[in-house]
Amino acid sequence: MIIIGEKINGSIPAVAEAIANRDAEFIKNRAKMQAEANASFIDCCASVPEAQEVETLHWMIDCIQEVTDLPISVDSPSPAVLAEAYKFCKRPGLFNSVSGEGNKLDTIFPIMAQPGNEKWEVIALLSDDTGIPKSAADRLRVFDKIMAKAKEYGIAPSRIHVDPLVEMLCTSENGIETNIEVIKTVRAQYPDIHITAAVSNISFNLPVRKLINLGFLVLAMNAGLDSAIMDPVNRDMLGMVYSTEALLGLDDYCMEYIGAYRDGLIGPKK
């Protein structure tokens with residue numbers, strides 16, 4: 001499983017305070033914690049006004065790169081901000097994100113096609129100018145548009161993390177069914193593509209959120225999810241990732257599961 005560590009995001013009050021105070025040690029500690037928990041990418045989201053975003057991301061990216069060599073997921077809703085902020089990364093990372101909305105694809109895909117940027121990857125949200133489509137069929141139409149653009153710019157499916165857009169379970173009539181259908185269809189059409197999700201979105205406004213998150217993670221992984229925006233420090237979530245991979249036959253002889261236990265990443269704290 002590709003784990004995109006979600007703990008450095010300005011929408012989190014403690015992170016917002018650290019950003020406002022330019023508390024570098026706070027940002028560095030969060031980066032180190034996630035790196036030590038075997039995250040694949042460190043997400044970096046400022047959640048500040050767009051006029052301040054590039055400068056703020058520059059500072060945050062520098063903090064992260066002081067303590068870990070993990071690639072960074074540069075996170076902004078603005079393609080113009082992404083087009084500038086990615087330059088601060090010392091190694092190829094992940095654009096978070098593009099969608100079928102506006103000019104996002106035609107801003108980021110040409111950058112990914114440039115010589116030297118061939119290893120950059122991207123999260124692609126299945127939304128467009130109409131918003132988040134309600135049906136699986138409409139989300140898959142957005143997906144087809146994104147993949148057509150990717151082919152136009154020579155972006156291989158293996159560089160794309162498709163996000164089917166997880167909505168709150170308590171306000172969605174058939175959200176789980178829609179997500180599972182989208183994940184299964186995308187996986188069948190493109191075996192090498194990555195499929196990701198902000199797992200915790202499913203449980204907003206529900207009690208004991210972790211139970212819903214854990215259940216959804218298993219369902220989504222069984223459908224073909226191989227990437228997740230999640231908290232790698234959450235031992236229950238990380239344990240569910242390793243155990244589900246073992247149960248799905250994705251972990252030969254359970255070696256990754258056993259290794260994670262021996263390294264103290266899952267199970268009771270030693």
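Visitor: Where is C89 found?
Guide: C89 sits in the loop between α4 (79-85) and β4. The helices (H or I, at least four residues) and strands (E, at least two) are DSSP runs, numbered from the N terminus. This is a predicted model, in which local features need pLDDT of at least 70 and side-chain atom pairs count only at pLDDT 80 or more, while totals for chains, interfaces and linings use all residues. Residues are numbered from 1 along each chain as its sequence is written, and side-chain values use heavy atoms, with hydrogens and water left out.

Visitor: What makes C89 buried or exposed?
Guide: Buried means under 20% relative accessible area, exposed means over 50%, and partly exposed lies in between (1.4 Å probe, protein chains only). C89 has a relative accessible area of 13%, so C89 is buried.

Visitor: Which residues is C89 in contact with, leaving aside its neighbours within four places in sequence?
Guide: They are I61, Q65, I72, V74 and W120. Contact means heavy atoms within 4.5 Å. As for V74, it is 15 residues from C89 along the chain, and their C-alpha atoms are separated by 8.8 Å.

Visitor: What is the order of the strands in the open sheet?
Guide: The eight strands follow the order β7-β6-β5-β4-β3-β2-β1-β8, with parallel pairing. Two strands pair if DSSP finds at least two bridges between them.

Visitor: Why do β7 and β8 stand at the edges?
Guide: Each of β7 and β8 (227-230) has a single partner strand, so one side of each is left without a neighbour in the sheet.

Visitor: How many bridges join β5 to β6?
Guide: Strand β5 (residues 121-128) and β6 are joined by four bridges and run parallel. As an example, V122 has I160 in β6 as its bridge partner. On to the next pair: β6 and strand β7 (residues 194-195) are parallel and share two bridges, where V162 is opposite I195 of β7.

Visitor: Which residues of β6 are buried on its two sides?
Guide: In strand β6 (residues 160-163), I160 and V162 are buried on one side, and H161 and D163 are buried on the other. Both faces of β6 are therefore covered, going by the accessibility cut-off for buried.

Visitor: Why are α8 and α9 called roughly parallel?
Guide: The axes of helix α8 (residues 209-223) and helix α9 (residues 235-247) come within 10 Å and cross at roughly 25°. Axes are lines fitted to C-alpha atoms, for helices over the stretch in contact, and angles run from 0 to 180 degrees between N-to-C directions. Angles under 35 degrees count as roughly parallel, over 145 as roughly antiparallel, 65 to 115 as roughly perpendicular and the rest as oblique. That is why α8 and α9 are roughly parallel to each other.

Visitor: What makes α2 oblique to α3?
Guide: Helix α2 (residues 24-36) and helix α3 (residues 50-67) have axes that come within 8 Å and cross at roughly 55°. By the angle rule, α2 is therefore oblique to α3. Residues that meet there include A24 and I27 in α2, and W59 and M60 in α3. The crossing is right-handed: a crossing is left-handed if the near helix is turned anticlockwise from the far one by less than a right angle, and right-handed if clockwise.

Visitor: How do you know that N205 counts as exposed?
Guide: N205 has 67% relative accessibility, so it counts as exposed. N205 lies in the loop between β7 and α8, and has a positive phi of about 70° although it is not a glycine. Most residues other than glycine have a negative phi.

Visitor: Where is Y253 found?
Guide: Y253 is in the loop between α9 and α10 (255-262). Its phi is near 55°, again a positive value in a residue other than glycine. With 75% relative accessibility, Y253 counts as exposed.
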